[in-house]
Amino acid sequence: QVQLVESGGGSVQGGGSLRLSCAASGDTDTRRCMGWFRQAPGKDREGVASIFPLGNTYYADSVKGRFTISRDNAKNTLYLQMNSLKPEDTAMYYCATYTPSGIGVVTTLGCAFNSWGQGTQVTVSS
């Protein structure tokens, strides 16, 4: 079982930046894909970005050019640098990965995910 703990969320004005972090522990494996999802009130959860073990990345069209996903395998930590934030980026952001013991697989952005963190709130004001 893997534990994923997100941090770095907060409130920021439009055009500002935030950096999210996700610390992984337990059943971690650097050969697995990791990603970020978000869910705004009244909307479905959507994939934001994913990163493969060797560093290949995929992004949702809505965040391309503004968000950057990265990982530090030595620290078992995933990051999401968010620049030029917009009010429509307001959502709960979740870190995700895949583990053999997880359930409910979601496949998007080139990866499969079935393990989730508790989320960190990002609020962008206009």
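Visitor: What does C33 pair with in a disulfide?

Guide: C33 is joined to C111, with an S to S distance of 1.7 Å. A disulfide here is a pair of cysteine sulfur atoms within 2.5 Å. This is a predicted model, where local features need pLDDT of at least 70, side-chain atom pairs count only at pLDDT 80 or more, and totals for chains, interfaces and linings use all residues. Residues are numbered from 1 along each chain as its sequence is written, and side-chain values use heavy atoms, with hydrogens and water left out.

Visitor: Is the disulfide of C33 and C111 left-handed or right-handed?

Guide: Right-handed, because the torsion about the S-S bond is about 60°.

Visitor: Where do C33 and C111 sit in the chain?

Guide: C33 lies in the loop between β3 and β4 (34-39). C111 is in strand β11 (residues 111-113), 78 residues apart from C33. Strands are DSSP runs of E, at least two residues, numbered from the N terminus.

Visitor: Buried or exposed, C33 and C111?

Guide: C33 is buried at 12% relative accessible area. C111 is buried too, at 4%. Buried means under 20% relative accessible area, exposed over 50%, partly exposed in between, using a 1.4 Å probe and protein chains only.

Visitor: How many disulfides does the whole structure have?

Guide: The search finds 2. C22 and C95 form a disulfide as well, with sulfur atoms 2.1 Å apart. Its S-S torsion is -75°, and that link is left-handed. C22 belongs to strand β3 and C95 to strand β9 (residues 91-97), 73 residues apart.

Visitor: And how accessible are C22 and C95?

Guide: C22 is buried at 0% relative accessibility. C95 is buried, also with 0%.

Visitor: What's the pairing pattern in sequence order?

Guide: Numbering the bonded cysteines that way gives 1-3, 2-4.

Visitor: Switching to the sheet. What's the strand order?

Guide: The order is β1-β3-β8-β7, an open sheet of 4 strands with antiparallel pairing. Two strands pair if DSSP finds at least two bridges between them.

Visitor: Which strands stand at the edges?

Guide: β1 (2-7) and β7 (67-72). Each has a single partner strand, so one side of each lacks a neighbour in the sheet. On average, neighbouring strands are turned by 15° against each other, direction ignored. That angle is taken between axes, which are lines fitted to C-alpha atoms; in general, angles run from 0 to 180 degrees between N-to-C directions.

Visitor: How many bridges join β3 to β8?

Guide: There are 6, between β3 (residues 18-26) and β8 (residues 77-82), which run antiparallel. One detail: R19 has Q81 in β8 as its bridge partner.
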